[in-house]
2 protein chains.
Amino acid sequence: MTDVDALLDRVRDRLRTPASCGVPRVDGVVADALRPGKLLRPAMVVRSAAAAGADLAAAEVRHAVVEAALATELLHVATLVHDDIIDGADLRRGRASVVAQAGLSTAIVVGDLLLARGSAAAAASAPGVSTVWARALDLMAAGQLHEGELVDLPSLAAQAEYASLKTAELFRSSAEAGALAAGADAGVVAAHGRYGLHFGRAFQHVDDLLDRYGDPALTGKPTGADARNGVPTRLSLVPDGRGVDEVLELVVSELREARSSLPPAASAWGCWGVEALARATLVVLDDADPEVTARVATAFGRLEPAPHHPRTETQPCLDTRHHSCPHDVSA
Amino acid sequence: MTDVDALLDRVRDRLRTPASCGVPRVDGVVADALRPGKLLRPAMVVRSAAAAGADLAAAEVRHAVVEAALATELLHVATLVHDDIIDGADLRRGRASVVAQAGLSTAIVVGDLLLARGSAAAAASAPGVSTVWARALDLMAAGQLHEGELVDLPSLAAQAEYASLKTAELFRSSAEAGALAAGADAGVVAAHGRYGLHFGRAFQHVDDLLDRYGDPALTGKPTGADARNGVPTRLSLVPDGRGVDEVLELVVSELREARSSLPPAASAWGCWGVEALARATLVVLDDADPEVTARVATAFGRLEPAPHHPRTETQPCLDTRHHSCPHDVSA
């Protein structure tokens, strides 16, 4: 097992054993909300730390990395709990959402409890992690507050701003937190943050595709939720025939920009992002629309490895022929 | 103007000029929610720092103290915003609550935004402040989650636990944060925390009295809210005739315990707590029930000054004859 996998296992174990809040009924709801999903954000933290040269043999560095990864996942789950109230969403990760299980009041406070735990984990990590954690929550809340304006006056620019704040900023913060936990200097932290931000924008575009074409049994939520809530996505803002290709074009260009943000020492990490996102996408695309699946595979296949990546120059990051056995989407 | 007053003025100014979230309609709601009230928790932070010997001539110490004070007030207001959703409360500080002004979704996210800002302020303060800030939010959320059990199975013990978590822990955290911002050692931080905790319990008992006897025009919220929400208070758990005296007995004993927690160097601060709480109480007691007002004044009057307080030993902390001109309840 690699260092990265071992640290992600520790994150997974911690998420599975949350501290009690003193009310058994609520403890069950909290444990359910924290059941580990893909752990894409913790993976961003841990891989950013590794790419920044973290000394993962040192116990205090491992501690700082794991706390930063937990902080970011707890923040993510907390905002999902509150989002599901706002969206009236009954399903999350294939199970009843917190609001569906426990009602409005408990869901509000469970979200706050998870924010408290995330904030504590950030504080227990390394200097600077609390600051990027708080900024992520601030910008995610601002993004959510922009939703009403986006619904009232949809535009490509407003949608891009909304998606960047609500989704991509947490990936930026995750990448920065990993670099901070590694003790990286400010330049590396910022470069990793740019990688995270562009990766996060690509992720959001992919998520929009999955909202329309994903297999609900695999995404754990019904398709078409954005449309039902009246929140425009990039896909809904362009004419039907062109949407998928235009969104895939954006995914490829964001991922290229993400990788070009990285210092040479971190280029293998850049390739990981492409692979992780491609796998996460192809796994859950509905087999009912093989044409969309093929277009997605082709788009990801166009992404060549970064210049300093140890693979041969002509080999793409991802061998898309193997997309049907991708159990390791969280790696 | 004393150093303490000057710092509280800075806190007040910062609360009056929150950063924009990018949505003007929401900025108005946020500004309204943050309109400075009594600032009892920021005063706890600033006075704890002063009592711990903070070098208030040093710019970085003043910065740390102000950020800690802001962090604690932002946390307080954020939880009020969420509480008002849960309680269906339309009024807060004499104005429409955030949920009444802006609806459920916006109120949830405004609360989260304020938590983000509070977390950022804690991170910008001094080492350790983020940790006590996060613990306060955690315990306050746990307290709120206990509410259902308290309603279902009321008892004196359950009510005391609920009030301690939901209200007193933030005063503990405030006192600790002030000492941390002052650079105090762990023993002083813990002693100040105990002071804050007992003060906070006294405060909650007083708040229960005000919920029944306060003048709504002065408390800014209707009386009887606890009873309407079915949440037992200490006052409601004992027979009618005995309630007020029993609660006042608890107030006096908590304030005595608070003061006895403090090191001699901080005894003047201990007297401040008595005065601030007495003034805040007597100001808003309904003149319609002068008998209750007189009993409260008598109870507070029983609190002698701390042994090392510069006043004469025989003079009580508070001259209760002057309770009718108390504009300075936040000082």
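How many residues of chain B are in contact with chain A? In this predicted model, local features need pLDDT of at least 70, side-chain atom pairs count only at pLDDT 80 or more, and totals for chains, interfaces and linings use all residues. Residues are numbered from 1 along each chain as its sequence is written, while chains are lettered from A and ligands numbered from 1 in the order in which they are written.

Contact joins 31 residues of chain B with 31 residues of chain A, two residues being in contact if their C-beta atoms, placed from the backbone, lie within 7 Å. On the side of chain B that touches chain A, helix 4 (59–87), helix 5 (98–123) and helix 6 (129–152) each supply at least two residues. Helices here are DSSP runs (H or I, at least four residues), numbered from the N terminus.

The same surface serves both copies, as 100% of the contact residues of chain B recur in chain A.

Within chain A, helix 9 (residues 186–213) is mostly covered, with 23 of its 28 residues buried. A residue is buried if 20 or more other C-beta atoms, placed from the backbone, lie within 10 Å of its own. At 1.5 Å a residue, helix 9 of chain A should span 40 Å, and its end C-alpha atoms are 40 Å apart, which agrees; the expected span is 1.5 Å times one less than the number of residues.

Terms used:
Buried ≥ 20, exposed ≤ 12 C-beta atoms within 10 Å, placed from the backbone.
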